[in-house]
Amino acid sequence: MLHRRYYRNQDRQIQGKSVHFRKSGQQRCYCSRVLEVYTAAQPAIRRQDGVEISQENMDMTDQKRKIFLHSCCGPCSTAVIERLIPDYSITVFFYNPNITNEGEYHKRFETEKAFIEAFNKNHPEWTPVELMEGEYDPEAFLHFVRGYEKEPENGARCAKCFEFRMERTVRKAAELGYPLFGTTLSVSPHKKTQTINEKGYALSRRYGVDFLDESFKKKDGFRRSVDLSREYGLYRQNYCGCRFSEREGAGPEDPSLERGLDL
Ligand code: SF4
């Protein structure tokens, strides 16, 4: 069992309620846009300890903590999901209105969806990962970062961008009764873990949902995300997301970034 650190809210206001949607091996996602059922009923499977167990019984024995995990894109989510899946029941929340080009946004969402479908299929031994899509509202994002357009990547605009996406994530997590939220953002060498965590702590206090303050770029997390993206044949963008980052163009395809720096 891995040991993980949480930021625990001492003044919890919002009581959790069950949001376990699965029944007989199926699951649904509740969000602004309800997606299709992602996991069909599974046949009996053999666990790593050799015990054969039906999907129905597996559901009954599943005591893992639920996490509402913001994902910035499919490639970054790969290594994070792989790291968390032994210990958590994961719902991925794709909320990224910072991707201001709509075509690019849909391409990245479809990549996320394809990865999760393939991952669930490849790993019947784990609780299936769920996927929710948040609202696509780039105008709200652009309004939020107004005045910061000329900031370089990793500067003040990005801090606001993290806050914007994480705030919507924790708000949805609180609404649905999840006890814990997190984000894949810290897997990127471009993004400062300390900034992400500071935002996470503040939001945790405000909404009464615990925050997983893990730096996913550690232990070669970014390199692993590159390897898994290749393994799954995922589309990997070459810029971060907003129209301002397109001009910088130093995205995850840049090999110099595969060092997994902990900024
Ligand atoms: S560069 Fe990336 S993190 Fe920074 S504001 Fe743009 S989309 Fe957000």
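What is the mean pLDDT of the protein, and what share of its residues reach 70 or more?

## Confidence in the model

Welcome to this structure, which is a predicted model. The mean pLDDT of the protein is 80, and 70% of its residues reach 70 or more.

Two stretches call for some care. Over residues 8-42, pLDDT stays under 50, and the model has 63 contacts beyond four places in sequence for them. Where pLDDT is low, the predicted coordinates should not be read in detail.

## The overall fold

As you look over the protein, you can find 8 helices and 8 strands. The chain has 263 residues, and 40% of them count as buried.

## Around the ligand

Next, let us visit the ligand. The residues around it are N98, E153, R157, C158, C161, C240, G241, C242, F244 and S245. Two elements, α5 (156-176) and α8 (243-246), each give two or more residues to this shell. Of the elements, α5 gives the most, with 3 residues.

## Two residues with positive phi

Finally, here are two places in the backbone to look at. N154 is not a glycine, yet it has a positive phi of about 85°. You will find N154 in the loop between α4 (138-144) and α5. Is N154 partly exposed or buried? N154 has 18 C-beta neighbours inside 10 Å, so it counts as partly exposed, since a buried residue needs 20 or more.

K219 has a positive phi of about 55°, although it is not a glycine either. Its place is the loop between β8 (210-212) and α7 (221-231). K219 counts as exposed because it has 12 C-beta neighbours inside 10 Å, and the cut-off for exposed is 12 or fewer.

Conventions. Residues numbered from 1 in each chain as written. Predicted model: local features only at pLDDT ≥ 70, side-chain atom pairs only at ≥ 80, totals over all residues. pLDDT = per-residue confidence, 0-100. Contact = placed C-beta atoms within 7 Å. Helix = DSSP H or I, 4+ residues; strand = E, 2+ residues; numbered from the N terminus. Near = placed C-beta within 6 Å.
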